[in-house]
Amino acid sequence: MSKRVAILLSGGGSNMVALCQSMTGDHPARPVLVMSNDPAAGGLQKAADMGIATDAVDHRPFKGDREAFEAALMEKLLAAKPDILCLAGFMRVLTPSFVRHWEGRALNIHPSLLPKYKGLNTHARALEAGDTEAGCTVHEVTAELDGGPILGQVRVPILTGDTPETLAARILPLEHQLYPQVLRRYADGDRAPVVLR
C-alpha cells in the first residue's frame, strides 16, 4: 500500500515537481494533493498538468489569524487523507498546534546547512558571514522553526564572486535531487540521513 503524500507550496513549485516526478514505479509513496496559500501559485498549474489534485486556501482574507487559516487548510488536507506532508517552498510559519498534528509525518526543505541560518535570506547570510560552503537541508517539521531532526544535506562550495542569486541557482538543482531521495527513505520508514556530495 503506497503512502499518500500531500505537498504545500507558495510559488512555482520546482521542488514539488521533483518530488512528484520521483513518485513512480516501485516508489513507496504517491502524491494525492498539492495545496497552496496562494490560488495563483504557479505550482498548482504544474501539479494539475501532472494529473494531481490541487486546492488552495488564500491566507490573505484571514488577516493575520493563523489559526483560522490553518483550520481551513487542515480541513482540505484531511479530506485527502495524506500519510506524509511535504512543505516545498510553503512560505507561511505554521502554529505549534498545526505542526503537532503532523509531527513525525512532515518534511521540509530549507536552503541552508541547518542548524545555520534558520528563517529567510539564508544565502545572503552565509555570504555575509564569510562561509566557505552553503547548501540545503531536508528536516522533519517540528514546532521549532527549521529546528527538526535533519534527514538530509548537500553542501556546495561558495565561490569567489558568488551572490545570493548565483548561490541559490547552484543549490536549487541539488534540492531537486536531495528532497526526493529523503522522501523515498522516509516513506519506507528509514530516518537515516541522506548526504549528497
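Guide: The secondary structure of this protein, a predicted model, consists of 6 helices and 8 strands. Read from the N terminus, these elements follow the order β-α-β-α-β-α-β-α-β-α-β-β-α-β. The C-alpha trace extends over about 50 × 45 × 30 Å along its principal axes. The radius of gyration is 16 Å, which agrees with the value near 16 Å that a compact globule of 197 residues would have. Of the contacts with a separation of 6 or more, 62% are between residues 24 or more positions apart. The accessible surface amounts to about 9,400 Å², and carbon and sulfur atoms contribute 54% of it.

The interior may now be considered. Buried residues account for 47% of the 197 residues. The largest nonpolar core contains 39 residues, and Ile7 and Cys86 have the most contacts inside it. Helix H6, residues 164-187, supplies the largest share of this core, namely 9 residues. A second, separate core has 20 residues, among them Leu8, Leu73, Leu77 and Ala106.

When residues up to four places away in sequence are not counted, Ile7 touches Met16, Leu19, Cys20, Met23, Leu33, Val34, Met35, Cys86 and Ala88.

The cysteines raise the matter of disulfides. A disulfide is a covalent bond between the sulfur atoms of two cysteines. A search of the whole structure finds 0 of them. Cys86 takes part in none, and its nearest cysteine sulfur, in Cys20, lies 8.8 Å away. Cys136 is likewise buried, at 0% relative accessibility. Its closest cysteine sulfur belongs to Cys86 at 14 Å, and this is too far for a bond.

Strand S6, residues 133-140, brings us to Glu140. Glu140 counts as buried because its relative accessibility is 12%, below the cut-off of 20%. The side chain of Glu140 forms a polar contact of 3.3 Å with the side chain of Tyr186. Apart from neighbours within four places in sequence, Glu140 is in contact with Gly104, Ala106, Leu107, Gly148, Pro149, Leu151, Tyr186 and Arg191. One of these, Ala106, is also included in the second core.

Some details of the backbone complete the view. In the loop between strand S5 (106-110) and helix H5 (122-128) one finds Pro115, which is joined to Leu114 by a cis peptide bond with omega of about 10°. Tyr117 is placed in the loop between S5 and H5, and its phi is near 60°, a positive value in a residue other than glycine. Tyr117 is buried, with a relative accessible area of 17%.

Lys63, in the loop between strand S3 (54-56) and helix H3 (66-79), also has a positive phi, of about 40°, although it is not a glycine. Lys63 is exposed, with a relative accessible area of 73%. Pro96, in helix H4 (residues 96-102), is partly exposed at 41% relative accessibility. The C-alpha atoms of Pro96 and Ile109 are separated by 18 Å, and the two residues are 13 residues apart along the chain.

Conventions
Residues numbered from 1 in each chain as written. Predicted model: local features only at pLDDT ≥ 70, side-chain atom pairs only at ≥ 80, totals over all residues. Heavy atoms only, no water. Core = buried A, V, L, I, M, F, W, Y, C linked by side-chain atoms within 4.5 Å. Buried < 20%, exposed > 50% of the residue type's maximum accessible area, 1.4 Å probe, protein only. Helix = DSSP H or I, 4+ residues; strand = E, 2+ residues; numbered from the N terminus. Contact = heavy atoms within 4.5 Å. Polar contact = N/O pair within 3.5 Å; in protein donor to acceptor, adjacent residues only side chain to side chain. Disulfide = S-S within 2.5 Å. Rg over C-alpha atoms; globule rule 2.2 N^0.38 Å. Areas by Shrake-Rupley, 256 points an atom, 1.4 Å probe, with all protein chains shown as cover.
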